[in-house]
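Welcome! Please take a look at the sequence and the 3D structure shown here, and then read on for a short tour.

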Amino acid sequence: MTEAMSEGTGRRWSAADFWLGESLWPALLDEFVSDDVVAEVIASYRADGDDTPTGPVIGVSDEAVNGWSGQLITLQRGACYLAYHRYVAVREIAQRVRRLRPADEVHDFLLADTTALIGARVGQLLSISQRAAEVLVEHADVMHERVPKVFEQLRQGRIVPELVPVVVACTELLDGCDTAAAVDAEVAEELARHGGAWSRAQLATMVDRIVFRHDPDAVRERCRRAGDKRSVHRSAASGWDGLDHGDDDRGECGDRDGGDFSVG
């Protein structure tokens, strides 16, 4: 259990109080996810007098399906907004703990350093592993510092939380580069005008192409590193073909066909 004494008030703070108490979200959001809202979505399709709207599901004219499909997209964008603020909260915790403890030059998973301390605290608060929490902290730092405009697109629901690791991976070699701000702005602009969901492969290709226009060597180096991670060996988890590509994600390294990137 995470407990601490609050400075100033002297009151004891416990994470358990926040888990055991009633959630504030149903009271805040129930009115936005009710059947009445879906009915309003359906009614909006009829505004132009069309009795058989196709809605967000192409080729499906059932009003209930279309209404709930629109609601599902709305809920997903709400989840993006909450994910944005989760990153903000994680970042605030990390920054305040860093100010209380001296920065460690190198993080070692065998040492109880500042990174491990932050990961342990965040992991316990969110009921996730320390390693997963450390990755979450790393991504929060990257989104704040390296790609703040892309981070804003997460708040707007233009990119889902599951794709944040793709952005982090595709821009990892831009730290300290003069081109980082331009890449951030262009990627954010692409996200803002894209009318639909992104796959991992689509997003990685888009980001890689933008990075390539500004810093071709960064993309080539990242792909080289991805290639170095690949391995071929037999194991019980490799499947019938006996191939295991290690940590490589084929959806996160440029052109799927192995060709060069277009500069135009």
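Predicted model: local features only at pLDDT ≥ 70, side-chain atom pairs only at ≥ 80, totals over all residues.

**A short briefing**

**The protein as a whole**

- The protein has 264 residues, and 33% of them count as buried.
- Among contacts with a separation of 6 or more, 57% join residues 24 or more positions apart.

**Aromatic rings**

- Two aromatic pairs are found in the structure.
- In the pair of Tyr87 and Phe151, the ring centres are 6.2 Å apart and the planes meet at 75 degrees; angles over 60 count as edge-to-face, so this pair is edge-to-face.
- Tyr87 belongs to helix H4 (residues 63-100) and Phe151 to helix H7 (residues 148-155), so the pair ties together parts that lie 64 residues apart in sequence.
- Tyr87 and Phe151 are both buried.
- Tyr84 joins in too: ring pairs link Tyr84, Tyr87 and Phe151 into a cluster.

**A closer look at helix H7**

- Which residues of H7 are buried? They are Val150, Phe151, Gln153 and Leu154.
- Viewed down the axis of H7, these buried residues fall within an arc of 150 degrees, so they line one face of the helix.
- The cover over the buried residues of H7 includes H4, helix H6 (130-145), helix H8 (164-170) and helix H9 (180-193).
- After H7 comes Gly157, which has a positive phi, near 80 degrees.

Definitions and conventions. Residues numbered from 1 in each chain as written. Heavy atoms only, no water. Phe/Tyr/Trp six-rings, centres within 6.5 Å; stacked < 30°, edge-to-face > 60°. Helix = DSSP H or I, 4+ residues; strand = E, 2+ residues; numbered from the N terminus. Buried < 20%, exposed > 50% of the residue type's maximum accessible area, 1.4 Å probe, protein only. Arc of directions from axis to C-beta. Contact = heavy atoms within 4.5 Å.
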